[in-house]
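Please consult the sequence and the structure alongside the text.

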Amino acid sequence: MNEMTEMLVCIKCRRGREVPETETRPGQYLFDRLSTMDAPEGVRIRPVECLQNCDFGCTVALRGGNRWTYVFANVDEMSHPEMILDGAARYHATADGLIPWRERPEHFKRNCVARIPPMETE
């Protein structure tokens with residue numbers, strides 16, 4: 001059985017534009033939307049302050065266990081929540097975090113910012 005998968009959602013994201021302090025930032029809106037939806041089994045959605053990808057849309061990361069970590073950008077807080085949850089479920093179903101290319105959501109194929117190898121344990 002796979003260990004828990006964490007989906008990290010940058011709640012400070014402004015999608016590269018100025019957002020008045022009185023308005024909800026796009027990243028916070030994305031997290032809020034995801035939090036009201038049914039997360040895939042084994043996936044925990046967690047807010048983070050900043051993923052340092054400020055000019056490239058909302059950013060999320062998937063990590064867990066001895067798997068590769070992925071960071072995805074250009075996430076739209078309005079139209080992408082279902083796609084993000086689908087991608088998280090596919091990620092969680094893998095032993096190593098490597099979703100076969102043809103099975104990845106299209107957005108994941110084109111908007112991967114980083115792929116980080118798992119820590120090697122001895």
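Strands E3 and E4 run antiparallel and are joined by four bridges. The model described here is a predicted one. Across this pair, Val 60 stands opposite Phe 72 in E4. The hairpin of E3 and E4 has five residues between the strands, and Gly 65 in this hairpin takes a positive phi near 60°.

E3 is also paired with E1: the two strands run antiparallel, with four bridges between them. Met 7 has Leu 62 of E3 as its bridge partner. Because five of its six residues are buried, E3 is largely enclosed by the rest of the structure.

In soluble globular proteins, nonpolar side chains tend to be buried together. The largest nonpolar core of this model comprises 23 residues, and the members that touch the most others are Met 7, Val 9, Leu 34 and Ile 84. Two or more residues each come from E1 and H1, from strands E2 (43–48), E3 (58–63) and E4 (69–75), and from helix H2 (81–92). The greatest contribution is that of H2, which supplies five residues.

Which residues does Ile 84 contact, leaving aside its neighbours within four places in sequence? They are Met 7, Leu 34, Val 60, Val 75 and Phe 108. Two of these partners, Met 7 and Leu 34, are themselves among the core members that touch the most others. Another, Val 60, is the residue that stands opposite Phe 72.

**Pockets and cavity**

| Space | Volume | Classes of lining residues |
|---|---|---|
| Largest pocket | about 180 Å³ | six nonpolar, five polar, six charged |
| Second largest pocket | about 150 Å³ | four nonpolar, five polar, two charged |
| Largest cavity | about 50 Å³ | five nonpolar, one polar, one charged |

The largest pocket has a volume of about 180 Å³. Its lining consists of 17 residues, and the closest to the pocket centre are Lys 12, Cys 13, Arg 14, Cys 54 and Asp 55. Eleven residues line the second largest pocket, and those nearest its centre are Gly 65, Arg 67, Thr 69, Pro 118 and Met 119. Gly 65 in this list is the hairpin residue with the positive phi.

How many cavities of 30 Å³ or more does the structure hold? There is one. The lining of the largest cavity is formed by Tyr 70, Phe 72, Gly 97, Ile 99, Arg 104, Phe 108 and Cys 112. Two of these residues have been met above: Phe 72 lies opposite Val 60, and Phe 108 is in contact with Ile 84.

**Residues in the loop between E2 and E3**

Gln 52 lies in the loop between E2 and E3. Although Gln 52 is not a glycine, its phi is positive, near 55°. Gln 52 is classed as exposed because its relative accessible area is 66%, over the 50% limit.

Asn 53 is located in the loop between E2 and E3. Is Asn 53 buried or exposed? With a relative accessible area of 13%, which falls under the 20% limit, Asn 53 is therefore buried. Leaving aside neighbours within four places in sequence, Asn 53 is in contact with Thr 59, Ala 73 and Val 113. The C-alpha atoms of Asn 53 and Arg 63, ten residues apart in sequence, are 17 Å apart in space.

**Two partly exposed residues**

Asn 74 belongs to strand E4. Its phi is also positive, near 55°, in a residue other than glycine. The relative accessible area of Asn 74 is 35%, between the limits of 20% and 50%, so this residue is partly exposed.

Thr 24 is placed in the loop between strand E1 (5–10) and helix H1 (26–36). Not counting residues up to four places away in sequence, Thr 24 touches Val 19 and Tyr 29. A distance of 9.5 Å separates the C-alpha atoms of Thr 24 and Ile 11, which are 13 residues apart along the chain.

Key:
Residues are numbered from 1 along each chain as its sequence is written. This is a predicted model: local features need pLDDT of at least 70, side-chain atom pairs count only at pLDDT 80 or more; totals for chains, interfaces and linings use all residues. Side-chain values use heavy atoms; hydrogens and water are left out. On a 1 Å grid over the protein atoms alone, a cavity is a set of points where a 1.4 Å probe fits but cannot get out, and a pocket is an open set with protein on both sides within 12 Å along at least five of seven lines; lining residues have an atom within 4 Å of a point. Grid points are joined across faces, edges and corners, and a volume is the space filled by probe spheres set on the points. Ala, Val, Leu, Ile, Met, Phe, Trp, Tyr, Cys and Pro count as nonpolar, Asp, Glu, Lys and Arg as charged, and the others, Gly among them, as polar. Contact means heavy atoms within 4.5 Å. A nonpolar core is a set of buried Ala, Val, Leu, Ile, Met, Phe, Trp, Tyr and Cys residues joined through side-chain atoms within 4.5 Å. Buried means under 20% relative accessible area, exposed over 50%, partly exposed in between (1.4 Å probe, protein chains only). Two strands pair if DSSP finds at least two bridges between them.
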